[in-house]
Amino acid sequence: MDILLTHGYFLFEDEHERQVMKPYPPLGLLYVSSHLKAAGFDVDVFDSTFCDWDAFGQYLEIARPPLVGIYTNLMTKQNVLRMVSMCKAVDARVILGGPEPPHYAEHYLAHGADIVVIGEGELTLAELIPHMQQHGLSGLEGVAGIAFRNEDGQIVRTRTREQIADLSAQPWPDRAAIDLERYLETWQKYHGVRSISLITARGCPYTCTWCSHSVFGETHRRRTPQDVADEVAFLAETYRPDQLWYADDVFTIQPRWTKQYAEELAQRGLRLPFECISRADRLNEELVDVLAEMGCHRLWIGSESGSQRILDAMKRKADVADVQAKSKMLREAGIQVGMFIMLGYDGEDVSDLEATVEHLKRSNPDVFLTTVAYPIKGTKYYEAVSDRVYAGKGWQERTDRDLGVSGRYSSQFYDHATRWMVNEVNLHKVRQNGGGGIQQQGRLWLNARRGRLGMRLTQRQRENNGEEAGAGRGWATDERAVEGW
Ligand code: B12
Ligand code: SF4
């Protein structure tokens with residue numbers, strides 16, 4: 001074996017996901033695997049999702065991989081650090097990739113990683129593996145797209161790696177390397193449908209300040225509609241999914257492409273229901289009809305705030321009224337609307353939160369998910385608040401989701417604000433639909449009032465160094481989340 005690829009996400013540890021049960025495999029890692037195999041490397045993939053730590057330990061003992069490549073995002077960080085130690089214990093060299101390590105390269109290198117790959121993994125690993133087989137860790141300066149510690153102990157970042165020019169010439173993700181059926185069976189068991197993910201593009205040129213661009217920068221490359229339609233045909237035949245999830249950042253970023261793609265699918269007689277994420281400004285009436293025709297049953301919009309002032313501060317390039325209009329348009333076309341809402345962005349005050357509640361009432365999404373803002377290292381938002389960012393714990397014990405921002409409302413305040421928002425909006429929805437008995441309406445009303453009162457009582461408290469930050473916590477509007485609030 002030339003390299004083992006793995007990731008560090010263990011479903012059994014993820015309490016939230018164990019309730020949701022909508023797992024998908026790590027596509028980036030599978031892209032890396034298929035690229036390396038096509039280039040002639042002997043690759044193994046350990047998919048941690050349905051495994052436990054013993055299984056990983058046993059695998060390492062038996063397989064003894066000389067080199068291990070681990071996908072790392074901010075949530076899997078601690079697991080990855082533990083995996084690095086386990087790999088080191090069997091004398092493997094470790095390469096880290098994914099969105100999290102580039103901005104913390106020195107920390108990961110100090111905690112046992114040999115190399116951090118910055119950006120796309122395919123071309124860099126194809127050069128790095130033979131280099132390490134021949135020269136070990138010497139002469140790494142010549143390999144583009146990496147960070148490593150040289151013999152003097154200094155961190156060296158090599159020149160930027162060029163991006164893959166033609167994504168359509170790349171092999172599809174190496175789904176055969178994992179037990180994909182397990183994912184599909186889980187979907188079937190908990191949701192009655194088999195769902196499979198794919199991506200049609202890489203990178204987003206928008207500039208939302210809190211969004212991490214550490215892998216693809218602000219570039220955007222698309223696959224051809226034919227290539228994507230061929231993949232869907234292959235997936236349909238091989239795995240018999242009932243629905244698709246396009247895991248793109250902004251699925252309809254190029255409306256012309258979406259229309260061509262719709263035609264490609266139609267020509268092949270392929271119509272699978274799907275979910276995707278997009279932006280209001282990347283939708284129009286014609287496109288919404290095309291999406292409905294293609295089988296889009298839910299479209300998620302990163303709506304974030306109902307306050308134009310806050311949207312502008314986020315450099316979101318979105319218009320509140322436009323989001324409301326497009327939500328209506330989608331619903332009229334029979335497409336459910338999902339919304340992501342962010343509380344606690346820098347400078348947000350109670351009037352902005354009120355604007356968001358009003359916005360949600362007007363937009364009337366079928367579901368919305370809330371998050372309390374957290375600064376991801378490397379983003380513009382992180383830079384803007386860096387003099388106020390505090391971490392209650394040491395680097396290896398926390399993730400960026402645990403970072404607090406001194407001076408903003410306290411985590412208790414945001415707990416109350418979220419409770420108010422979720423219940424107030426749901427109460428409005430229930431009343432509008434004329435549904436919900438007096439008991440349900442009463443409960444929603446009471447919870448909304450409790451949230452509002454809590455906000456008033458905690459409005460003077462400010463988050464400060466030492467307190468556990470409230471960032472990253474969120475709730476959904478569905479029954480599960482509303483229950484008990
Ligand atoms: C799909 C997705 C999810 C899915 C994941 C399901 C799945 N397994 O696919 C869900 C919805 C569950 C999810 C959840 C979260 N996500 Co998410 N997600 C994405 C998204 C939109 C697409 C991922 C993808 O498939 N990319 C396409 C592939 C081709 O890119 P890639 O994965 O980066 O892989 C390339 C390189 O990273 C590299 N590479 C990958 N693996 C390896 C391994 C080695 C060894 C090497 C050398 C290189 C390498 O090469 C690959 C190919 O070029 C990305 C944004 C994005 N566009 O990437 C965010 C993103 C990864 N998510 C992010 C975040 C913050 C989260 C959450 C923390 C959100 C939250 N608040 O809960 C959670 C964490 C969940 C968890 N426990 O891990 C951030 C990560 C930021 C960071 N610094 O880590 C991203 C980048 C979004 C953003 N722009 O801010 N997410
Ligand atoms: S939040 Fe969405 S639209 Fe904004 S930069 Fe990130 S991926 Fe692009």
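Domain bounds come from an automatic or database domain assignment. For this chain, the assignment gives domain 1 (3-157) and domain 2 (193-478). The structure is a predicted model, in which local features need pLDDT of at least 70, side-chain atom pairs count only at pLDDT 80 or more, and totals for chains, interfaces and linings use all residues. Residues are numbered from 1 along each chain as its sequence is written, while chains are lettered from A and ligands numbered from 1 in the order in which they are written.

Confidence is reported as pLDDT, the predictor's confidence in each residue, from 0 to 100. The chain has a mean pLDDT of 95. A value of 70 or more is reached by 96% of its residues. Over residues 475-485, pLDDT stays under 50.

The overall fold was examined next. The chain holds 17 helices and 17 strands. These are DSSP runs, numbered from the N terminus (helices: H or I, at least four residues; strands: E, at least two). The radius of gyration, taken over C-alpha atoms, is compared with a globule rule of 2.2 Å times the number of residues to the power 0.38. A compact globule of 485 residues would have a radius near 23 Å, and the chain agrees because its own value is 23 Å. The C-alpha trace spans about 70 × 60 × 40 Å along its principal axes. Buried residues make up 41% of the 485 residues. A residue is buried if 20 or more other C-beta atoms, placed from the backbone, lie within 10 Å of its own; it is exposed if 12 or fewer do, and partly exposed in between.

The centres of the two domains, taken over C-alpha atoms, are 29 Å apart. Contact means that the C-beta atoms of two residues, placed from the backbone, lie within 7 Å. By this rule, 14 residues of domain 1 are in contact with 15 residues of domain 2. The domain 1 side comprises eight nonpolar, four polar and two charged residues. Here Ala, Val, Leu, Ile, Met, Phe, Trp, Tyr, Cys and Pro count as nonpolar, Asp, Glu, Lys and Arg as charged, and the others, Gly among them, as polar.

Two ligand shells were described. A residue is near a molecule if its C-beta atom, placed from the backbone, lies within 6 Å of it. Around ligand 1 there are 38 residues, of which Gly28, Gly69, Gly97, Glu120 and Gly121 come nearest. Helix 2 gives the most to this shell, with five residues. Each of domain 1 and domain 2 supplies at least three residues. Ligand 2 is surrounded by Cys204, Tyr206, Cys208, Cys211, Asp249, Val250, Arg279 and Gly302.
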